[in-house]
Amino acid sequence: MFSPFGAPAERNFVVGLRMQILDGKKAAQSIKDDLRIEVAQRANEGKKIPHLAAILVGNNGASETYVAAKVKACEETGFKSTLVRLADDISEFKLLEVIEDLNENTDVDGILVQLPLPKHISSKKVINAINPDKDVDGFHPMSVGKMVEGLPTFIPATPYGIMLLLEHYKIETKGKHAVVIGRSNIVGRPMSILLSGNSNPGNCTVTICHSHTQNLKEICLQGDIIVAALGIPEFVKPDMVKPGAVIIDVGITRVADSTRKSGFKLKGDVEYDTVAPSTSWITPVPGGVGPMTIAALMKNTFMSCKNKND
Ligand code: NAD
């Protein structure tokens with residue numbers, strides 16, 4: 001099976017190790033540093049520079065933050081970026097026209113539409129309208145099908161970022177039992193496919209859990225690796241986690257906090273303070289999966305640019 005995650009490396013998963021942080025901020029920075037060098041080299045050679053176009057509909061605070069972080073990452077790596085801001089009452093037809101324009105724009109390598117979209121717009125229709133060759137979020141059915149087959153393609157940024165993080169820290173995954181909580185098309189389901197793939201990282205035995213799963217606690221207790229992606233703050237408690245497990249916390253929820261200027265703080269799906277001490281590795285929130293998602297998006301955009309222009 002195609003592995004986008006590089007050559008096998010020695011792993012250091014040992015149950016009972018002192019807890020260590022899977023630092024997504026650091027790992028993402030090293031990926032962006034490498035990309036910046038490659039982009040500068042392309043510029044020197046007169047080759048095309050990657051160009052990411054992001055569409056933001058409405059003014060949802062969290063979406064604004066995510067898109068701003070993506071644009072900033074483009075600046076840091078030397079990519080070109082275009083931010084298309086649209087009013088939240090834009091018609092679905094008009095949005096599809098904007099996507100069509102970007103599909104036809106030969107300078108644009110990657111198109112992303114920040115989700116969620118307003119209720120009157122079908123996300124499915126919008127995702128399906130993106131040219132699969134520019135589908136750097138990896139949500140188009142063509143990309144998903146290729147990913148399932150293990151063919152080279154754009155992999156959804158969050159699961160791809162998690163695979164890159166596991167690779168960066170040389171976490172042993174082969175033969176491990178991974179429990180993925182959440183089955184969304186953007187996180188849980190692709191995560192379960194990647195972890196079960198014949199690749200490195202990968203080769204896990206995967207259990208995917210969701211809102212109808214029974215005995216979730218017992219299942220989690222069997223997990224050597226737990227990926228929590230359900231969007232319920234501090235859902236995973238210490239009595240659900242086997243000592244020495246690797247914990248990947250995908251959740252990001254804004255929880256009211258009057259002591260902060262912003263009025264909120266970010267909470268993951270894992271009760272970090274109580275769970276962390278008995279784990280071998282754990283991602284913090286913020287600073288874990290979030291930055292890796294952006295680094296993975298940059299990698300997809302870079303790949304798109306190379307595929308189309310070299
Ligand atoms: P979603 O709402 O689409 O899916 C949530 C999933 O959790 C569903 O499949 C549901 O069945 C499952 N679920 C809900 N309650 C459950 C329960 N009690 N027990 C077991 N399963 C349950 O969410 P999503 O888009 O996959 O996002 C999940 C979380 O990850 C959110 O907090 C989101 O903000 C965050 N997220 C973070 C990043 C990042 O870059 N860090 C990216 C995407 C999403």
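Mentor: In this predicted model, the side chains of Asp33 and Arg36 meet in a salt bridge, with N and O 2.8 Å apart. Both residues belong to helix α1 (residues 24-44), where they are three residues apart, about one turn of the helix. Asp33 is partly exposed, because its relative accessible area is 25%, and Arg36 is likewise partly exposed, with a relative accessible area of 38%. Side chains of opposite charge can pair when their charged atoms come close.

A further pair within a helix is formed by Glu76 and Lys72, whose closest N and O atoms are 3.6 Å apart, and which lie four residues apart in helix α2 (residues 61-77), about one turn of the helix. Glu76 counts as partly exposed, at 30% relative accessibility.

The salt bridge between the side chains of Glu234 and Lys267, at 3.1 Å from N to O, links distant parts of the chain, since Glu234 sits in the loop between β7 (225-228) and β8 (246-249) while Lys267 sits in strand β10 (residues 264-267), 33 residues apart. Here Glu234 is partly exposed at 25% relative accessibility, and Lys267 is partly exposed with a relative accessible area of 21%; a residue would count as buried under 20%. Elsewhere, salt bridges that share partners join Lys48, Lys80, Asp107, Asp109 and Lys308 into one network. The count for the model comes to 18 salt bridges.

Technical notes: Residues numbered from 1 in each chain as written. Predicted model: local features only at pLDDT ≥ 70, side-chain atom pairs only at ≥ 80, totals over all residues. Heavy atoms only, no water. Salt bridge = Lys/Arg side-chain N within 4 Å of Asp/Glu carboxyl O. Helix = DSSP H or I, 4+ residues; strand = E, 2+ residues; numbered from the N terminus. Buried < 20%, exposed > 50% of the residue type's maximum accessible area, 1.4 Å probe, protein only.
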